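Please view the sequence and the structure before reading on.

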Amino acid sequence: WTQNRYALFRRLWRALCVNKKMEAYKDIIGFEKVIEHFGEWPSFHDAEVISMSFNRNHIFEPSGPSMVAKVHAFLITPEVDKNGYYKTIKHCIITFEFDTVYDLVFEDFNHQNALDGLRFENTKDIDNKPIIAVSFDSAYGVDCEFKCKLALISEIKNGKPENGVYT
């Protein structure tokens, strides 16, 4: 009985932690644009990072570098096409902007940059001020994580990128 209770507690604790982390996207300015486009907040599984650019100047905050990432996102349906691939719908290119970026880890940028997921987590900096931890989790290609003071979605453009796997 004790082991069963412990296993149940672990499952509940993980669910609570995951739900807390999953809600962090609500601190991204303009997150509603993504919800409006997809009808939900996507996992970004198999999404592709088109570009990431870094600038030593800030976008909004008075200090620190900034970053802009363009991500090709879509929803995967349970339907399979004639080639045996899952059908994808609601393709778009999302432009994320991040301000006061630090603790950056950036590896393996390549020609595809497929993501396993894109995660946002609310956390605190050393002065106990709220920040966002961002993780572009690699499936193939770019693997990037960092912390920032501000995140926003500046644009969602319908369609697929040129020269992509899905074009």
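What covers the buried residues of H2? The cover includes S2, strand S3 (86-99) and strand S8 (150-158). The model is a predicted one, in which local features need pLDDT of at least 70 and side-chain atom pairs count only at pLDDT 80 or more, while totals for chains, interfaces and linings use all residues. Residues are numbered from 1 along each chain as its sequence is written, and side-chain values use heavy atoms, with hydrogens and water left out.

**Helix H2**
- Helix H2 spans residues 31-38, and its buried residues (under 20% relative accessible area, 1.4 Å probe, protein chains only) are Phe-31, Val-34, His-37 and Phe-38.
- Viewed down the axis of H2, these buried residues fall within an arc of 125° (taken from the directions from the helix axis to the C-beta atoms), so they line one face of the helix.
- Gly-39 follows H2 and has a positive phi, near 85°.

**Glu-48**
- Glu-48 belongs to strand S1, residues 48-55; helices (H or I, at least four residues) and strands (E, at least two) are DSSP runs, numbered from the N terminus.
- Glu-48 is buried but has no salt bridge, a term for a side-chain nitrogen of Lys or Arg within 4 Å of a carboxyl oxygen of Asp or Glu.
- The nearest side chain of opposite charge to Glu-48 is Lys-160, 11 Å away; Lys and Arg count as positive and Asp and Glu as negative, whereas His and the chain ends are not counted.

**Pro-78**
- Pro-78 lies in strand S2, residues 66-80.
- Pro-78 counts as exposed (over 50%) because its relative accessibility is 73%.
- Pro-78 and Thr-88 are ten residues apart in sequence, and their C-alpha atoms are 9.1 Å apart in space.

Key
Contact means heavy atoms within 4.5 Å.
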